[in-house]
Amino acid sequence: MVTLPRRLTVNRTEILDGGRPIRLRGFNLLFMLDSPYEVPRVDTDGLLKQLLPGVNVVRLVMLHWDDGPTESAGKDNRNDCSETRYSVPSASINVRCLSQFESILQWTAAQGLWAIITARASIAAGEPSKDGVVHAGNTLFGNDDLRRRFIAMWRAVAARLKNFDMIAAYEILSEPRVHADVVPASKVRELYEEAVTAIQAVDPRTPCVVGPAPFYDRVNLADAFLPTKRNVIYAFNFFVPQAYVQHRDDAQAAKYPGDIPCCELHDKEHRKCCPDVKQGVDLSRRSCCHQLVRVDSGVLEQELVETLHFGQSHGVPLYLDQWGVERGMSGRLDYLRD
């Protein structure tokens with residue numbers, strides 16, 4: 001009798017572990033070849049597990065493929081998984097990366113942690129060049145050769161790792177950096193469909209994670225929906241309000257619950273603060289944008305209504321990929337609980 005590797009399953013809006021609903025709670029870990037953080041360490045990764053004994057998942061940001069942090073190492077950047085000069089001919093991924101992944105997955109499983117394997121390909125995903133411009137022809141959405149290699153890479157990763165225990169999901173691309181005025185949402189969706197198809201051809205049991213452009217913006221979740229695909233989890237970020245959760249000069253002055261300018265709450269949708277102002281006007285300079293609004297648990301819940309509706313209406317699970325609170329902010333524990 002063949003024992004299949006342990007996997008999560010998707011059942012409409014729920015994620016199941018052995019038939020029972022599971023709520024994934026955990027943290028990000030970044031690993032990189034030829035760095036002090038090449039493999040798990042007792043003083044960092046092991047310490048996180050000790051400090052957070054209730055976690056059950058880790059998001060492994062380790063599949064650096066045409067990625068900014070690794071590409072910045074210089075011309076001979078052997079620590080980027082897209083660099084295949086040192087691999088077998090026609091390889092789509094540096095074989096050193098595959099060996100590294102195996103070591104890390106053995107560690108996560110031994111810790112009792114589900115592992116999300118995340119592809120961080122910031123340059124291929126549309127990171128602006130030094131001139132601040134995104135050139136679609138240099139991205140996965142406009143360069144056919146780059147895209148073919150990326151899809152082949154995922155097929156190779158899934159084939160190599162499909163027998164490892166406790167892989168929670170393959171996260172296709174964290175995060176598409178392109179805006180719709182440069183790359184249509186349909187192009188991002190096409191990449192996801194092609195990658196999911198390639199992965200599921202060799203490992204149909206492991207879920208895939210996709211999320212909307214740019215940067216997993218929850219407002220655009222509908223643009224990432226793959227109606228013909230199953231076993232897919234949809235990711236989004238929740239940095240609301242920005243003054244609470246991102247490092248800003250005014251973050252220390254923010255309190256929770258508290259009053260903040262309306263456009264601080266609706267940082268991606270200023271129109272919610274100024275519905276009566278005509279289109280095309282810079283709303284950030286309008287008084288409606290700076291009108292104080294109360295932020296509390298009710299507001300946080302309201303900000304998630306459309307996101308939850310997406311999951312329920314399409315019958316798919318949602319994955320809040322990153323969230324948090326600014327260090328030292330007054331009321332941070334209340335914010336976290338809410």
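**View 1. I172 and the residues packed around it in this predicted model.** Setting aside neighbours within four places in sequence, I172 is in contact (heavy atoms within 4.5 Å) with A119, F150, W154, Y192, A195, V196, I199, C208, V209 and V210. Numbering runs from 1 along each chain as its sequence is written, and side-chain values use heavy atoms, without hydrogens or water. Local features need pLDDT of at least 70 and side-chain atom pairs pLDDT 80 or more, while totals for chains, interfaces and linings use all residues.

**View 2. The largest nonpolar core.** This set of buried Ala, Val, Leu, Ile, Met, Phe, Trp, Tyr and Cys residues, joined through side-chain atoms within 4.5 Å, has 90 members. Buried here is under 20% relative accessible area, with a 1.4 Å probe and protein chains only. L63, F150, W154, I172 and L173 have the most contacts inside the core. Helix α4 (residues 144–161; a DSSP run of H or I, at least four residues) gives the largest share, eight residues. Another core, of eight residues, lies apart and includes C262, C273, C288 and C289.

**View 3. E171, a charged residue in strand β7.** Strand β7 covers residues 167–171 (a DSSP run of E, at least two residues). E171 is buried, at 0% relative accessible area. Its side chain makes a polar contact with that of Y216 at 2.7 Å (N or O atoms within 3.5 Å, one able to donate a hydrogen and the other to accept it; residues adjacent in sequence count only if both atoms are side-chain atoms). Beyond four places in sequence, the contacts of E171 include R59, W154, Y319 and D321.

Conventions: Buried means under 20% relative accessible area, exposed over 50%, partly exposed in between (1.4 Å probe, protein chains only).
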